[in-house]
Amino acid sequence: MSGKVKWGVVGSGGIARRRTIPEGIIPADNAVLVVVYDINGEVNTEVSQEYHAQKADSIEELLKTDIDAVYIATPANLHCEQVLTCARAGKHVLCEKPLGMTVDEAEKMITACKNAGVILDMAFMMRFHAQHQAALKMIQEGRLGELTYGRAQLSCWYPPMEGAWRQDPATGGGGSLMDMGGHCIDLMEMFFGKIAKVSCLINNTVHKYPSEDSAVATLSFENGALATVDNFFCIPDNSSKNVLELYGSHGSILAKNTVNQGDRGEMVACLEAADSGYNAQQTRADAQEMVIDPEPVNTYRAEIEQFGQAILEGRQPSCGSQAGLRSQKVLAACYESAKTGRVIDICWKKRGH
Ligand SMILES: NC(=O)c1ccc[n+]([C@@H]2O[C@H](COP(=O)([O-])OP(=O)(O)OC[C@H]3O[C@@H](n4cnc5c(N)ncnc54)[C@H](O)[C@@H]3O)[C@@H](O)[C@H]2O)c1
């Protein structure tokens, strides 16, 4: 294969048009946009004209063009069928989160891509945020000591709207937890490792649509650390700072506005001596504060380039479909906990083993 991956986009009118095409595929060093398809023909024509791409009138027509990979950015209930269609046509796939609606669907998609010999990747682009990568490096170097507690918040204002697919579990798979919690859970897994059990509460606090507008999940990790993720569709955009907090026995990393679509937030590390002893006065004067502000990386461009590189080199991508499956397992356990009121152990074994 040549040095550029030829891309098709399914669902060109949403996040694809807002972010992934202009910030990801177009500027990427190893990508070229060939063809777009959206069920909304008018929007699809506009996108094809904006980016000088061919336009297809169906996914089948898109798959007949000369492309290597497809980016799927449609509502969650369409992901499984569309990934299977792309796999049958021998195309590599970057699927938006969530990886289908259920664990079963995620497994089906992974098996179909494996059998077809194509690579399936998950669009957890927040992993590529430069400040998240800097925080991960500090954790891996042991600078926070033993990991103790984390929090990832992603909330917004999402009032009832006609046709809003996230507001109905039949099309969104769930509400604020499924939609935004997936990113938070994935980030916490990247920082803290495998999740062993969860407990979760969900609610419709303000908006009375069928999906939840409020969710708080508590995660317990195999290494003993705990974390919470909180996702609300009923907190005004400016009132949620999408905080990220990572604590360990030697310090913390505290951030605002990194858990979002942008490339730069505020992040500070507080690092203390390995054992500062007990301070009865709790004066808190000894910690060193360090601003973490590396050169920003556009997360959409990074996800396109890293997946493209994996295709060109014939290897698995850094995020990969297993991250999508793990996310589905944790989300399913959260919803089961919310329904039953129980703490749910996560079953990591492959089915039938
Ligand atoms: N990673 C991120 O930053 C991010 C942000 C937003 C959304 N997303 C994900 O992207 C996906 C789409 O979300 P969105 O916000 O763009 O939704 P959206 O509703 O804004 O856009 C979805 C697009 O898909 C099109 N569509 C619907 N049915 C289709 C079909 N059968 N075939 C082809 N196109 C069809 C719609 O016309 C629309 O243009 C979801 O999986 C969502 O979770 C990711």
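**Close-up views of a predicted model**

**View 1. Domain 1 and domain 2.** The C-alpha centres of domain 1 and domain 2 lie 28 Å apart. Domain 1 covers 5-123 and domain 2 covers 126-299 + 332-337, with bounds from an automatic or database domain assignment. Domain 1 gives 10 residues to the contact and domain 2 gives 11 residues; two residues are in contact if their C-beta atoms, placed from the backbone, lie within 7 Å. On the side of domain 1 that touches domain 2, 5 residues are nonpolar, 2 polar and 3 charged (nonpolar: Ala, Val, Leu, Ile, Met, Phe, Trp, Tyr, Cys and Pro; charged: Asp, Glu, Lys and Arg; polar: the others, Gly among them). This is a predicted model: local features need pLDDT of at least 70 and side-chain atom pairs count only at pLDDT 80 or more, while totals for chains, interfaces and linings use all residues. Residues are numbered from 1 along each chain as its sequence is written.

**View 2. The open sheet.** An open sheet of 9 strands has the order S14-S13-S12-S11-S7-S10-S9-S8-S15, with mixed pairing. Strands are DSSP runs of E, at least two residues, and helices are runs of H or I, at least four residues, numbered from the N terminus; two strands pair if DSSP finds at least two bridges between them. Strand S14 (288-291) and strand S15 (344-345) are the edge strands. Strand S11 (residues 244-248) pairs with strand S12 (residues 251-256) in the antiparallel sense over 5 bridges, and Glu245 stands opposite Leu254 in S12.

**View 3. The ligand shell.** The ligand is surrounded by 21 residues, the closest being Gly11, Gly13, Gly14, Ile15 and Glu96 (C-beta atom, placed from the backbone, within 6 Å). The shell divides into 11 nonpolar, 6 polar and 4 charged residues.
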